[in-house]
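Thanks, everyone, for making the time this morning. I would like to walk through a handful of local features, so please keep the model open while I talk.

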Amino acid sequence: MLKNYLNIALRNLRRNKSFSAINIMGLAIGLASAALILLWIQNEVSYDRFHAKENRLYEMYNRAKFDGVLTAWNITPKILAPTLKKEFPEVDDAVRIANANFLFTVGDKHFNIPGNFTDSGFLSMFSFPLLKGNATKALNGNYQIVLTESCAKKLFGNEDPIGKVVRVDSADNFVVTGILKDLPNNTRFNFEYLVPWTYMKKLGWDDDYWGNNSISTYITLKPGIREEAFDARVKNIVLDHGKGDASGLNNEIFIHPAAKWHLYSLFVNGKIAGGLIGTIRLFAIIAGFILLIACINFMNLSTARSEKRAKEVGIRKVVGAPKIKLIGQFLGESVLIALLAGIAALIILQFSLGGFNLLMNKKLSIDFSSPSFWFAGLGFILFTGLLAGSYPAFYLSSFIPAKVLKGTVKAAHALVTPRKILVVIQFSFAIILIISTIIVEHQIQYAQERDSGYKKDNLIYSYMQGDLQKNYELIRNELLNSGAATGVTRTSGVLTRHSADTWGLQWPGSTEADKKMDFNVLSTDDGFVKNLGLTLIQGRGIDARTYPTDSTALMLNETAVKAMRLKDPIGQIIKYNDKAWHIVGVIKDFILESPYQPIAPMVIAGPDSYGLYILNIKLNPANPVAVNLSRTEQIYKKYNPSYPFEYYFVDEDYAAKFATEKRTGSLAALFAGLTIFISCLGLFGLATYTAQNRIKEIGVRKVLGASAAGITALLSKDFLKLVILSIVIASPIAWWAMNKWLQTYPYRISIEWWIFAMAGLLSLIIALCTISFQSIRAALANPVSSLRNE
């Protein structure tokens, strides 16, 4: 019996090649699209869930009020970890992590490599596989270092690195004591080496100041300790130990579990409010709908062709076939088609994975050697086959033998049929994605057109390493004299991102509540306004070269002046702990952080305030960029020969601010295109079948004088009505969803009517092009051919 069913299924596939191809192609694209999304979701939900102590692993968070808003952040004081270990018996271990970036020298090789300072317990707390070395001893000494596999290969080639010496910043020799397997692509950590925290102390970079939130702190609790109980115990640790050095803020400390680090990282009013989990859910819904749309194609085409198999069903029932066996037969056929589609989907998936990884900035892969992959894949295909075949199987098996054998079963022409409902569902979802794509792209364009407040072109920066500080004046003069640069300025941080902030400032007329006002901070020496293309509104820029007293000078942005309620800011004194700054200028607001967010109050202080770690160079626009960079590199090598010349373009940094939204827009466009394509495949199949089914009617109409245009309109109008209905249904749903998405951006567009008109018109054009091919073909056919056998 099973062999008979298989033969019938294969015979039907061969007999109806075009419909079989449409079914298989639609299901294959749907399966491949859903599989891509599910691969990404699996990667995201597995972030840092592989650590053996994951259920006891936490990150320490701060919580405090700024400008009346309760804010949470995951940067903590350096003194927190040792205090937790010392005073809280519930804590099993506590480690600190801070960024490090050193020049590594091995023989004649020089590399700037990013890594981390950390405590010796890091390798025991986190389950990153140590290929060589002892996890409990590898970071015990001041001059011990643990490298990743790729870092070790970069430095030592194929030699065994254990016991080898690495020169760090041309100052200290480190012994390699461990080799870590390269970090997986589902972890928040990103380092190529680990150096002991004791080395940070040796450099003088450690401190016991409770107000200096500058590093990450992680702990493991002992088994059986409840989160709520520990939060209550640790809540006031800053208040108890700070003794006023935390600028008067009542910071609270709380723990955030490892299971929620990646998916629940958004805090609103000091509490978890979601995060990436929202995007995960959204794309899970999209994956489900794309698969559903592919299944709808199968359902529609199978039921549309029901007359072709009605007599087969009738004969089987007459000879005694029970309904359950007929259902099993049709479900088996749909599973067979799903299996063929699954094979095609696997090929599509393999070829498209590289492009998808590039789009998502991921390294997803398929483990073909994993039995779980094949079990999951077969289960997925079986589910798809059963879902796609369920409605056709029950529909076909319900035919009454007496009617079908008399030939009285005809296609339904009711106003509302399941087939029409399914087509409307398909196109509604596709139109929602089209509208979403247009809105996302419009929002990105809106933010990109926002004035950044400075001139990004021909502006580069580099970190001041090695002898750059010592030889700064020589380097500056030579850059200007060589014609490579028109301006050189030092700052404490990068112009395109937040590097530091402070609170507790006092000024004439300030209140106790004003001490809780948070300010972004930068330091500079001279040329900040001119060289970076900022706009000066009042006073002058900081110029420590011309005015020695500018070491304690201060500039404010417009937002800071408004927030501080200063009517005449120039000359006013701003106090912070033991510092006293005098205001020399006010600059127009510029975008330091997100272009979608309001600009925060900001102070730009003189060179003695926050250090000068970034060298900003305005390249000479009269020369080609390559010439300027070549001259700059020669000057760097002359005065800082041990370090490679590494630089970054400010305009590229600024463009990176839009990466997440651009990725969202690209994904929406991709899946909108796939959804439309799958929907149009089904529409094409239905149009083809309709044209075939009405071939005699078309012949009669042509004989009676109907025009080709009239027949084309006749065959197309029913489908276009369904697309118009889809537009009506999709528009309010898309408006609600995208309006909710836009609410997360304070700086946002308003949703205008033309977006829905454009999406609707585009959908109609695509649908019309899909239908009209078959309609025009049928309308132009010779009526003699269709009426010959009458």
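This is a predicted model: local features need pLDDT of at least 70, side-chain atom pairs count only at pLDDT 80 or more; totals for chains, interfaces and linings use all residues.

Cys151 counts as buried because its relative accessibility is 0%, where buried means under 20% relative accessible area, exposed means over 50%, and partly exposed lies in between, with a 1.4 Å probe and protein chains only. Cys295, likewise at 0% relative accessibility, counts as buried. A disulfide is taken here as a pair of cysteine sulfur atoms within 2.5 Å, and by this rule the count comes to zero disulfides.

Residues are numbered from 1 along each chain as its sequence is written, and side-chain values use heavy atoms, with hydrogens and water left out.

Let me turn to the open sheet, which is built from four strands in the order 16-24-15-25 with antiparallel pairing; strands, of at least two residues (E), and helices, of at least four (H or I), are DSSP runs numbered from the N terminus, and two strands pair if DSSP finds at least two bridges between them. Its edges are strand 16 (485–491) and strand 25 (648–649), each of which pairs on one side only. Strand 15 (residues 459–463) and strand 24 (residues 614–619) are joined in the antiparallel sense over five bridges, and Tyr463 stands opposite Ile614 in strand 24.

Which strands does helix 19 lie across? Helix 19 (residues 625–639) lies across strand 15, strand 24 and strand 25, running at about 140° to strand 24, where axes are lines fitted to C-alpha atoms, for helices over the stretch in contact, and angles run from 0 to 180 degrees between N-to-C directions. Helix 15 (residues 472–481) lies across strand 16 and strand 24, at about 155° to strand 16. Contact, in all of this, means heavy atoms within 4.5 Å.

Next, strand 17, where we find Asp501, which counts as partly exposed because its relative accessibility is 30%. Leaving aside neighbours within four places in sequence, Asp501 is in contact with Asp518, Phe519, Asn520 and Val521. The side chains of Asp501 and His498 are joined by a polar contact of 3.0 Å, meaning a pair of N or O atoms within 3.5 Å, of which, within protein, one must be able to donate a hydrogen and the other to accept it, with residues adjacent in sequence counted only if both atoms are side-chain atoms.

Gln506 sits in the loop between strand 17 (501–502) and strand 18 (519–523), and it is partly exposed, with a relative accessible area of 37%. Not counting residues up to four places away in sequence, Gln506 touches Lys515, Ile573, Ile574 and Lys575.

Moving to strand 4 (residues 91–106), Thr105 belongs to this strand and is buried, at 13% relative accessibility. Its side chain makes a polar contact of 3.2 Å with the side chain of His110, and, beyond neighbours within four places in sequence, Thr105 is in contact with His110, Val166 and Arg167.

I will end with helix 3 (residues 80–87), whose buried residues are Leu80, Ala81, Thr83 and Leu84. Seen down the axis, these residues fall within an arc of 165°, so they line one face of helix 3, the arc being that of the directions from the helix axis to the C-beta atoms.
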